[in-house]
Amino acid sequence: MTNSRADDRGGGRWGRAVMARPRLLLLVVLVVTGCAAVLGGGAADRMSSGGSQIPGAESTYATGVLEERWPASQPNLLLMVSAKEGVDDPEVAAEARELARRLDAEKSVGGVVSYWDGKEPALRAKDGGEALITARIAGDEDAVDAVLERIEPSYAGRQGPVEVAVGGPAAVRHASQEVIEEDLVRAEMIALPVTLVLLVIVFGSAVAALLPLLVGIMAILGTGAVLRVLTEFTEVSVYAQNLTTALGLGLAIDYALFIVRRYREELAAGAAPPEAVATSLRTAGRTVLFSALTVAVSLASMFAFEQYFLRSFAYAGIAVVLISAAASLIALPALLVLLGRRVDALDVRRLLPKRRPGGGREPGAGWAVLARLVMRRAPVFLVGVTVLLVALGLPFKDVRFGTADDRQLPSTTTAHVVQQHIRDQFPGSPGSALAVLAEGDGVSPDALGEFSRTVSALPHVVRVSGPGGLYVDGERVRPATPVEGAQAGKGAGYVTVLPDGEATSASSLDLVTDIRSILVPFKASVTGPAAVLHDTQQGTADRLPWALGAIAVTTLLLIFLLTGSLLLPLLAVVVNALSLTAMFGAVVWVFQEGHLSGPLGFTPTGDIETALPVLMFCVAFGLSMDYGVFLVSRIQEEYERSGDHRAAVEFGIRRTGGLITAAAVILGFVMVAIGTSRVTNIKMLGLGVGLAVLMDAMVVRALLVPAVLRLTGRATWWAPGPLRRLHARVGLSESPAPVRGKPEAPEPREAEESLIGSHRTEPA
């Protein structure tokens, strides 16, 4: 038995507060929402598109030092100069030198290096039709974006006898932010009206359908304001906005569905509107609060990682979950108090032909039949569904982790076109070059030359250049140029290593390890795309057990506090994890291997962004727990009432099957709308989590959970004496004090039954 008397007092106090001042509450909510809309309006402009590096990693340190002392070593701006006459034509060369001179004179631009300065082969295309000018725009991401917006129109396009295209990391990042913002607006324009239509189908009433949508809009606006405030104190990823929209609509609709459903259920049982609101808050409201805590805890696990890319999703996710729950428990009950029975106004079911009294099936009858079938053949369904889920997840065993690059963008984006042309037409792999920073008293041109000789003899190295000259296959082929000679200073210097493979290839990652293992008389720090990836993978792997452990422990604790069971929390963790296998398998099969890349409109790279599976796991696991809490709370409520475990499972499936399916379809559609993004990682996040949500609701909750609960029987609710006594003191229950044998309240004839079975119009 749980602390139900305290629960009743808490729910009753809040219910009385809502009923006493509903208009005042709504006025306060309206003012706060308006302020949030104004405050969050400029949030996107202050967000960043990076954040995947580990702050304390060797590569991050080396990048910072090189950016400060030798900007040319870390170019973030490329001008690809094309000419029909060839880049060595005198007129073309003169124009290119003038371009480089102008660029070097631009404020905040330095480290300009041109092919026409030293005829560096890596800066000239194989066919001689293009060559590069590289430079470094100084400052943080906001400053870099501002400079790029200012100077790009002066360089892009026709410049005398040459054509110039702007590329490089700065251009890729800027284009990513623009595309993400455009896609987010489009996704919201798609999701909001279609969600409203789906809610009308679910509820049958246009008024009832508007309530969850209003809660979702409040959550999105409120989270936007939170993110805007956070940008004053820390870096926030622009990608977090997409999670805000998806979870804001999805969770707010879930929570509002559950509360409005319970409210209408109480009205159908004969309760007066004030009593129905109070009961809904005491029961469904408590489940919503518990669900929000479980989802927030899952998302909070991303704080275990050092990358602000992942931390940004924790900020956004926790904010939107808590605001969704707050809006559902504050604004929604106040609206229900004012609406009363008019919550069913504008009932579209009146437009349908009425059926004879007694015709059709009872609401939830289809789910009850399914639950009985599954429980009769529980071992078969348990094995069959488990094998199916494991099989769907098998492609993930071949996952390859990488880093996001220009191929995240649409293939027609200029920044993507430039980078792809460099990959295809320029010798070696200039975008994969490594830089080795040397520091200490042992740094000298001779020491760097000997180090360059050793590195150039390693497998998969094309050449090494630096103050000691140019080295190939362990031999010096020429002395240092003036530019290379400037790569050494007092107590520090650097060399550039050009590998023969892509930045994310296994050979490039092995090369980083080999370079770091060389004994040298100075401190050596390796950076570059492969080094960043190596450090990111290592940092993520080191923190992953802590994140998973935090999710597991807090989930076990919260489910125990809700149910008082020892077994149910363990089952919840295992079943939820199993429900995500299809998502991870699809991520590899579709996005890594490139199946369906044509219809979905993305460029496969052969790998997956390292941090993305972590993000998808935390989000999808939290959403799965959301549905799990809804189902378990109704099963527990009936079990406490009747003491019949099998009947309680059937009751829970019948009462929540249509509700969870409706919520999953709506949330799945919202995620698919996010998945229409032209940025591959956002597409992967939206479609992957959407698939996980649908699999969890339609396969795991409908088939696997009842099969497992049938086999565990009454042991599902067992706990040793000390834990039972602990739960009696500190546990929380959704239901009021259980009364065995209390007759079950009739279920309202909800339109959500139309999602899974025949619709029945209530007789006059």
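Me: Hi! Let's start with α8 and α9: is their crossing left-handed or right-handed?
Reply: Hello! In this predicted model, α8 and α9 cross in a right-handed way.

Me: And what angle do helix α8 and helix α9 pack at?
Reply: About 140°, with the axes 8 Å apart; α8 covers residues 206–230 and α9 covers residues 240–268. That angle makes α8 oblique to α9.

Me: Which residues make that contact?
Reply: From α8 you have Leu211, Pro212, Leu213, Val215, Gly216, Ala219, Ile220, Thr223 and Leu227. On the α9 side they are Thr244, Thr245, Gly248, Leu249, Ala252, Ile253, Ala256, Leu257 and Val260.

Me: How many of the residues in the α8 and α9 contact are nonpolar, polar and charged?
Reply: There are 13 nonpolar and five polar residues, and no charged ones.

Me: What's the lining of the largest cavity like by class?
Reply: It has 12 nonpolar residues, three polar and one charged.

Me: What about the second largest cavity, how much space lies in it?
Reply: About 100 Å³. The second largest cavity has 14 lining residues, and Gln408, Thr605, Asp607, Thr680 and Asn681 are the ones nearest its centre.

Me: And which elements give two or more residues there?
Reply: For the second largest cavity, those are β14 (608–609) and α24. The most comes from α24, which gives three residues.

Me: How does the lining of the second largest cavity split by class?
Reply: Into five nonpolar, six polar and three charged residues.

Me: Which residues of α18 and α19 meet?
Reply: Ala552, Thr555, Leu556, Ile559, Phe560 and Thr563 in α18 meet a set from α19 made up of Leu568, Pro569, Leu570, Ala572 and Val573. By class, the α18 and α19 contact has nine nonpolar and two polar residues, with no charged ones.

Me: Nice link. And α22, how does it pack with α10?
Reply: Helix α10 (residues 273–300) and helix α22 (residues 612–642) have an angle of about 160° between them, and their axes are 8 Å apart.

Me: Why do they count as roughly antiparallel?
Reply: Because angles over 145 degrees count as roughly antiparallel, and α10 and α22 pack at about 160°; therefore α10 and α22 are roughly antiparallel to each other. The crossing of α10 past α22 is right-handed.

Me: Who makes the contact between α10 and α22?
Reply: α10 brings Thr287, Phe290, Ser291, Thr294, Val295, Ser298 and Leu299. α22 brings Cys618, Val619, Phe621, Gly622, Met625, Asp626, Val629, Phe630 and Ser633.

Me: Last one: how many nonpolar, polar and charged residues are in the contact of α10 with α22?
Reply: Nine nonpolar, six polar and one charged.

Notes: Residues are numbered from 1 along each chain as its sequence is written. This is a predicted model: local features need pLDDT of at least 70, side-chain atom pairs count only at pLDDT 80 or more; totals for chains, interfaces and linings use all residues. Side-chain values use heavy atoms; hydrogens and water are left out. Axes are lines fitted to C-alpha atoms, for helices over the stretch in contact, and angles run from 0 to 180 degrees between N-to-C directions. Helices (H or I, at least four residues) and strands (E, at least two) are DSSP runs, numbered from the N terminus. Angles under 35 degrees count as roughly parallel, over 145 as roughly antiparallel, 65 to 115 as roughly perpendicular and the rest as oblique. A crossing is left-handed if the near helix is turned anticlockwise from the far one by less than a right angle, and right-handed if clockwise. Contact means heavy atoms within 4.5 Å. Ala, Val, Leu, Ile, Met, Phe, Trp, Tyr, Cys and Pro count as nonpolar, Asp, Glu, Lys and Arg as charged, and the others, Gly among them, as polar. On a 1 Å grid over the protein atoms alone, a cavity is a set of points where a 1.4 Å probe fits but cannot get out, and a pocket is an open set with protein on both sides within 12 Å along at least five of seven lines; lining residues have an atom within 4 Å of a point. Grid points are joined across faces, edges and corners, and a volume is the space filled by probe spheres set on the points.
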